[in-house]
Amino acid sequence: MANPLLGQELLPQFLQIRAEHIEPAVRELLDSSRARLGELAGIAKPTFANVVEPLEELQHRVSRTWSPVSHLNAVLNSDALRAGYNACLPLLSAYHTDLAQSEPLFHAYRTIAEREGSALAPVQRQVIEHAVRDFRLAGVGLPAERKAEFKTAMLELSQLQAKFEENVLDATNGWSWHVTEVGELRGLNDMLIEQARRRAAGQQVSGWTLALDQPTYVAVVTDAESPALRRAFYEAWSTRASDQGPNAGRWDNSAVMEDILRRRHAAAGLLGFRNYAEYALATRMAHSVEEVTGFLHELAGAARAAARKEFAELEDFAGRRLPAWDVGFYAERLQRERYAVSQEELRPYFPLPRVLSGLFEVAQRLFGVRISEAHGAPVWHEDVRFFTITGAGGNPIGSFYLDAYARPHKRSGAWMDECVGRKHLSSGAALPVAYLVCNFLPPGNERPALLTHDDVVTLFHEFGHGLHHLLTRVDYPSIAGINGVAWDAVELPSQFMENYAWHPEVLQRIGGHFISGAPLPADQQARLISTRSFHAGLATMRQLEFALFDFRLHAEYSPQAGGRVLQILREVRSEVAVVPVPEWNRFPNSFGHVFAGGYAAGYYSYKWAEVLAADAFAAFEESGVFDRGTAHRFLDTILSRGGSRDALEAFVEFRGRRPDVRALLKQHGILSSGELAA
Ligand SMILES: [Zn+2]
């Protein structure tokens with residue numbers, strides 16, 4: 001039987017894909033791709049048509065084949081899948097490095113730029129410029145020995161990063177909490193308690209078993225009335241994969257982190273950068289280490305006083321000093337008292353089907369696209385749904401999967417990923433396909449999935465990434481959708497979309513009681529909206545703690561002193577932490593964004609892009625949040641352009657000026673309108 005991973009169907013054949021297909025498919029794909037690379041590198045008179053286009057096609061094929069594998073590894077993890085996935089990581093890394101380090105292809109691109117440059121369209125020139133930049137960043141032009149060292153460092157990094165993530169997943173799965181008295185679960189919602197009872201029954205024990213998945217963790221530290229339960233969960237969660245906590249030393253990532261930092265620093269050094277942060281900035285919207293740290297300190301300076309005031313008020317409210325594991329609990333209570341809204345009480349008003357149709361309507365009103373569910377597409381789990389997007393004239397634009405619910409062996413968090421990228425090449429065309437993945441509480445027997453408003457915001461966020469990928473008009477895969485977009489600008493569309501999850505008109509549309517259909521009461525809605533700036537100072541300082549920690553870690557690494565992970569963490573905390581954190585907290589050990597993902601020396605991007613998003617949304621507020629003209633300008637200048645133009649230029653074209661940090665401070669309620677005018 002043919003290997004289902006190698007088919008050229010429009011969508012991956014999820015029903016047929018088995019772990020044993022992975023390695024043979026990847027080997028075959030990479031062999032044929034290498035052969036093709038060899039042919040292309042040998043072309044005597046390289047042109048855009050005979051070298052660049054075929055390379056774009058190759059890139060499309062490789063990511064199209066690998067995408068379902070890495071996706072399944074994340075959402076349906078098993079030993080067999082993990083083994084197949086891991087066996088391919090070094091193969092893929094070696095292939096990408098060979099391609100990225102190809103001297104003949106590098107010279108071919110430069111020749112094409114010289115000979116054809118002026119005759120090419122701007123988007124084609126951008127494809128070449130990106131490629132030439134990336135060749136340099138991959139070590140092209142280095143002496144053979146250094147090039148080999150670079151290649152080794154990259155290969156080891158991809159394995160170490162996978163190991164980091166495995167440790168976190170195992171540590172998360174490797175801890176649970178069993179109670180025999182239901183009173184110990186007081187404060188938790190019925191759905192969670194029911195789930196815990198079923199889990200215990202499944203393990204043939206009496207009582208209730210709580211797992212350490214993200215929704216359970218968040219629910220416990222926010223709602224559980226038992227301080228002992230909150231502390232146990234906080235400790236287990238914040239010491240995952242470390243030398244501390246209930247599973248101390250098991251799945252410990254400490255050495256893995258040190259190895260990752262050492263290799264990143266070495267790789268950057270081989271390319272002539274002083275550190276990994278400088279290397280990372282070579283492809284970012286921000287251009288220097290000072291620009292980033294200056295930006296983070298500016299925000300910290302603006303938010304510190306607000307954060308301290310918020311925490312002092314919270315301790316006043318609690319009537320005592322608060323340890324870290326009690327902060328969420330009292331914050332929730334203070335918020336409830338002040339605004340009389342709670343995330344749990346909002347759930348009945350946000351049934352997923354209604355939220356989805358309201359979200360799709362927002363996309364339709366803004367961008368004129370229509371989204372509808374399509375049945376019959378092969379999916380990896382029965383809960384997964386599939387949707388198509390069409391333009392105003394009914395023309396197909398793309399499609400996406402939604403995998404909404406938490407379940408065992410699915411990575412926690414929420415994300416959007418590329419399933420198929422858009423291409424329009426002489427060798428063929430493809431429409432973009434996306435995965436939207438969330439970890440919401442599943443539906444019950446007689447009720448739909450009910451979301452908290454936090455969940456709603458998450459869904460809008462990921463959908464914003466989805467729109468960036470799906471509404472692209474760029475024909476070349478390397479710079480279409482989210483590809484080739486500067487990392488610090490990539491969160492602009494997602495954070496921009498979050499604004500709609502807070503807008504009164506949208507809340508009216510998506511909020512309706514799942515049984516009675518009654519709308520979210522107006523006063524409750526008004527109070528919910530006013531919660532948006534609740535503890536914005538504390539939240540900002542917490543994000544700045546992560547961002548400064550990550551950035552300094554990569555900017556200050558030295559081979560003599562090593563990563564100094566805990567020392568830098570302490571220094572950053574003494575500068576920006578407002579809530580005291582216990583010495584044994586080891587959040588870096590499960591900080592996947594930075595150690596396993598693409599946010600290394602890039603966590604600041606969240607705040608950076610948040611400023612872009614707040615400032616872009618301010619343009620909508622000035623002209624009406626559903627103003628079609630503004631929406632189309634946003635689509636034309638930013639959303640549809642992928643990596644085909646400089647992120648700052650695109651922003652300036654849309655806004656008529658550079659981004660202004662005050663838009664975000666105003667959105668957070670940290671800066672009043674009076675101060676804004678000053
Ligand atoms: Zn995001």
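Guide: Happy to. His461 and His465 sit 4 residues apart in helix 16 (residues 453–470), so about one helical turn separates them; helices here are DSSP runs of H or I, at least four residues, and strands are runs of E, at least two, numbered from the N terminus. The model is predicted: local features need pLDDT of at least 70 and side-chain atom pairs 80 or more, while totals for chains, interfaces and linings use all residues. Residues are numbered from 1 along each chain as its sequence is written, and side-chain values use heavy atoms, with hydrogens and water left out.

Visitor: What makes His461 and His465 donors of the zinc ion?

Guide: Donors are N, O and S atoms within 2.8 Å of the metal (3.2 Å for Na, K and Ca), and with water not among the atoms, sites may look incomplete. NE2 of His461, NE2 of His465 and two OE entries of Glu491 lie 2.1 to 2.6 Å from the zinc ion, so they qualify under that cut-off. The donor residues follow the spacing H-x3-H-x25-E.

Visitor: Why is the site of the zinc ion called irregular?

Guide: Four donors are tetrahedral if all angles lie between 85 and 135 degrees; four are square planar and six octahedral if opposite donors are over 155 degrees apart and all others between 65 and 115; anything else is irregular. The angles among the 4 donor atoms run from 53 to 141 degrees, so irregular it is.

Visitor: How do you know that strand 1 and strand 2 pair?

Guide: Pairing takes at least two DSSP bridges. Strand 1 (residues 176–179) and strand 2 have 4, in the antiparallel sense, so they pass. Val179 has Trp208 as its bridge partner.
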